[in-house]
Structures are given as C-alpha cells and as structure tokens.
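Visitor: I would like to learn how to read domains and contacts in a model of this kind. Could we go through them together?

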Amino acid sequence: MKIKIEKRPTLSNIQSVFVTIISLLVSILIMGIILTVYFAFDKNLDFGGALKLTAESYVEMFYWPFFDQYGIQSTFLKMIPLSFVALGLIFAYRLKIWNIGGEGQLYMGAMAATYGALFLFKDVNNPIIMILLLIFMGAIGGGLWAAIPAFMKAFFKTDEIVITLMLNYIAIFFVDYLVYGPWKNPEGYGFPGTAPFPDSANLPYIGNSDIHIGIIFVIILAVIMTYIFKKTKWGFNSKIVGDNKDNAKYAGINVKFYTIISLVISGIIAGIGGAVQMMGTQHSLQHGFSPGYGFTAIIIAWLAKLNPISVLLTGFLFGGLLVGTDSLQMFYGVPTSLVDLFQGLVLFCLLGGEAIAHYKVVFREKEAIV
Amino acid sequence: MENSFVVSTLTAAIRSGTPLLFAVLGDILTERTGVMNLGIEGLMLVGAIGGFFTSYLTGNLLLAVIVAMVAGALLASVHAFFTITLKINQIVSGLAITFLGTGISGIWGANYVGIVAEKFDPVKIPLLGDIPYIGKIMFNQDLLVYISYLLVPILFIYIYRTKSGMILRAVGESPRAADSRGISVTKTRYIYTIAGGALTAVGGAYLSLAYNSMWIEDMTAGKGWIAVALVLFATWDPAKAMLGAYLFGGITALGLRLQAIGTHISSDFLKMLPYILTVIVLLFTSTEKLKRKVGAPEALGIPYSREDRE
C-alpha cells in the first residue's frame, strides 16, 4: 500500500464554494480560540466564562454588520473605499505589477479633492458640477502619485513594491502636515482636520439610508472593468504582458506603455475612491481617515482572484469584518489590533484551504516490480 | 558644544539604526534563498512584545531575546509554509504576516502597555571605549549593539566564504541548478526563512528591551517597511546593510534632535524624510545592470516547483 499526494487538476464550482466555507469556518475557529484565551487572561474569567463571552462577541461581530439595519449600512459604507482601491489594484496586478501603494493613492486622491472643495472650486454651487470636478481632482491626485513608481519602473526598472510602499507613508505624513498645519480648521477646536466641505460637495444619499451614491459608482466601475478585461484589446494584451513580458514584446506589445498606464489607472481609481470617501463619508480631510483601507484592499483584490465583480462581494465581507471588530472594540474592550489579526487569519485560511484542496491523497496498492 | 551635538547624534544614530540592522540582516538571509518577505513589520512586532513580555515576567534579558527569536521564528515559519510548501504568492503572504504580527502583538500586549521593565544598559568597552569620539559613539552602547557589530562580519563571511553560504546563494540564484546538484531547495528555504525571521524579531526586541524599556502598541511605526527597502539598498550585502541602517538611523536621530532644539521644520516632514530618501536612493541604485553586477537573487519571489518546467 502506498500513500501518494497527487495534484487535482481543477476544482468544480461546488467544490470551490465548499472549500471557501470550510476555510472561513477554520479561521473563525482559530479566532475563537484566541479570543477565548484573551478573555480568560484579560478579564480573569474561567474557561466557561471566557467561552461564553467569545460566543456573545461572535454574535455581535456577525449580527451587527450583516443583519442589523444600521450595522449593514456601515458595512456598505466601508465597502465603498475598500472596493475602489481593490478595483484599482486589479488593473496593475493583472500585469503582475505589484502596487502596494493603494493607501497612499487613496490619501492623495482625498487630499486633491479637498483642495478642490475648499480652495479651487469653493464657489461652485451646482452639486453635479462640483462632484464631477472633485472626482476629477481625486483622479489626478491618485494618478500622479501612482505615476511616480510607474515611470520609475518603466524607465529605471525600479522595484515598484518598495517605491509604492514608501509613497504610502509619504502621502500619510503629507496629509498629516496639511491637517495639523496650513489646512487646519481654525474653528475645529484643535482637532486635526480641515474645515467641512461646502454643501455642494457632499454626495447625496440613497433613499432614507446613510449610504451615499458612491456605492453606485463603484458597482458601475466594476461592470465597466469586467467589460474591459473580457472584451477589449487592453484586457487581452494586459493578460499577455502579465503572463510573460518577453512574449508580449515579441508579439509587438509596448510593455513600457502597459506598465505605466496600468499603474497610473490603478492610482486614478484609488484616488477617485479617496475623493468619494471625502464627499460621501468624511466631509473634511482628517488625520488617519483611512484605517488601512489600502492594505486591506490588497487582500481583497487577491482573494477576489482579480475579478472585479468578486471584489465587490469580498469588499462587502471585509467591510463587515471591519464594522464587526469595531463594535467588538466598543462593547467588549477588545484591542483594535484584533482586526489585523482576523484579516491575516482569513487570508491565510482561504489561500491555504484552496492550495490544500488542489492536492488529494491517493491510496494505491504497491505495484509489483517484475 | 557643537562637538557634543555631533557625538550625541551619531551615538543616537547607531541606537536607532540597530533595530533596522537586525531586521535587514534577517531579511537578507531569507531573500538570499529567493523568498521575499514583506512581513518584517509583523515579525519585529512579535519580537518586541515577546521580548518585553519575558523581560517583564522574569527580568532576564537574555531569555527575553531568546523568546523574541522564538516568536519571530514561529511567525516566519507560517510564511515559509505558505510560500514554500503551498507556493502562495510571497508578496501577499508577507503582507498577511504583517497583519498577523500586528494583531498578535496588539492582543498579547494589551495589558502591558506603558509598563516599564528591565532594559539593556550601555556598557563601556575597556580601551576601545576610551578612543576619543569613536569610543563614545561606538563602544559606549548596549550588548545588543555589540552583538550586531559582530553579526555583520560573521554573516558576511558565512554568505560569501562558506559552503553553506554558497548553497544559500545557489538556491536563491538558480534553484533548479541547485536541485540538480542534490541540494534541497525546500529545506534550505525553510531554514533561512525561519532563521531570518528570528533575527528580524531581535530588531523588534531591541525596541522594547534597549531603545525603550516598555511595550507600545505598533512601536515599530513603519521601521519594518524601511527595512524592506534597505535590503534592496544594501543589495543583499550585510556590510552595506550596516551602512544603510546607520544612515537611516542617523536621519531619525537628527530629526528628533532638530526638533528638540526647536527648529521650525514640521515634524511630519522629518518623519517623511527616510521614506523620501529611500525613493531617491532606489532611483539611482536599482537599474537592471547594477542588479546583475551586485548579484541580486535571480529567483527572488518565484516559488520553486520540481514539476513545473519553464
């Protein structure tokens, strides 16, 4: 008898869904163990008490963001910036260009939109014109910020991973400089933020909800991107560039052009996300307005397998995760870093589950050697 | 007066460069085998809390460093398993390691924020410590700094002059060729990813055991990312890593000092400085030709599989 591990060719859809559910359950289980241990030590509870508290907090963590009428609105609101940045990242990732700078591009988009709302176009009263102008500003902010690594990569072969990473911090500190310094709201009681946006620069809400129309923008964007990737020359060529740059060159594709454009578009989309976040949710530029959306978006893009529609779904789930852990922090005093832990766990469990599912164990009678 | 400013700034440069140095040296080991690790920030954080936790409970600083190394090694082995065995994208896995490390350290350290514990105090080395200026700057430091001085030549010799070092480089350079010579690519990558993680964690422990004597949530504050960049800057060379780490440590130290004197430069711009400098430096150092010359690990970032033929 011989035990052998063989590779499974592909997973059927049902198998994939099954694997995903099992993986998520595993991550919830591991998280539960960690939470129980944490509660036991932190609140000096016995095992039973800690377990009960974990169960209670799990109910809170999943009921509030997904089933509560108000909680789910917060989930949608977080889904919007997450999905914007993740959609942008896909543009680059399909070419195997590793833009880790979504966070910085989001900040620069938000910064540019704020500049438009408070200074450049402050006298524009028509909301439609104002919103369009600010989206344009966000696109410029994010796009220019992504153009730096794009040109460096195309012309100097600089590693885009490190550059985009560094630019995140430069953008965050630059926004800090503005909101603590020259752009600080004099009537803000010392709070690090700009003055509020004019009314014309606020996105309308959908019906009676707290959800702004940014959600419609992001859905439309995902649909357009699906079309671009499936039906256009760009989608086809970018896949070739991603698979093998040399082949792409032989096929007459201008790799430099594709490198620059994909990274810049990626930044433009993240920048628009920043502008939408300002107009829809924040209404003023503030210190640390993003709790790491740009980094979570990397996980989302990857888990969604670079598929725009899946990004929306994954973005919704991660939005819920952020909202759920926020409320845990509020009601159970769990440290904020819980959300980081959970994101890492979910990613590892999902990717691990999928990788393991591609192998199967085969028992085989030992073949007689003649 | 001016002299003492320079001396104290340079002394501080070494102190703030040391956590970077440990982290960069650790990551050089890992990346030399072809495994990219963006999880440095997370590894440093578990090292920082692991070290602090032990020093607080036992008061034993050496034990604290060992626990930090074990914590780093454990977290790095997750990265090793996912990238080497399961062949998951190294960038994504590294990022998830940072998430995990940040989360674990935050929860582990939730009850220890702001408590002061033992720390490595500066120890003057006899004779060397008496050399004017240099003695004060280099040989009036703590034990971990001296260990890092020794580590640099040791790793340099190990990587470039020993058989194990040759194997390490071969696996990063051309895993297929190494494999055909009977070297286990998987085993080599596992060993150095885990060892690198342990060393990186000492960088974090330096922050909570020497630079400060307490745990602060997210106390690495982006140093892990600077270390990622420094590995490139150092072109995977331990000697240049030392130069890079102290250069960046110096910028941080200078920034803090300028602020203390009361110069009118915004503190946010000073915080930005190391990142801006990294971008500029990389612009001039990472052309393809140069990469070839310095011997960047050719297979960096590429999972190795025997079955997949190119």
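Visitor: Into which domains is chain A divided?

Guide: A word on conventions comes before that: residues are numbered from 1 along each chain as its sequence is written, while chains are lettered from A and ligands numbered from 1 in the order in which they are written. This is a predicted model, in which local features need pLDDT of at least 70 and side-chain atom pairs count only at pLDDT 80 or more, whereas totals for chains, interfaces and linings use all residues. Domain bounds come from an automatic or database domain assignment, and here chain A is divided into domain 1 (1-67 + 337-370) and domain 2 (78-335). The C-alpha centres of these two domains of chain A lie 31 Å apart.

Visitor: How many residues does the contact take from domain 1 of chain A and from domain 2 of chain A?

Guide: Two residues are in contact if their C-beta atoms, placed from the backbone, lie within 7 Å; the contact takes 14 residues from domain 1 of chain A and 15 residues from domain 2 of chain A.

Visitor: Which element gives the largest share of the domain 1 side in chain A?

Guide: Helices (H or I, at least four residues) are DSSP runs, numbered from the N terminus, and α2(A) supplies the largest share of the side of domain 1 that touches domain 2, namely seven residues.

Visitor: How many residues of chain B are in contact with chain A?

Guide: In chain B, 37 residues are in contact with 40 residues of chain A, and α4(B) gives the most to the side of chain B that touches chain A, with 11 residues.

Key
Helix = DSSP H or I, 4+ residues; strand = E, 2+ residues; numbered from the N terminus.
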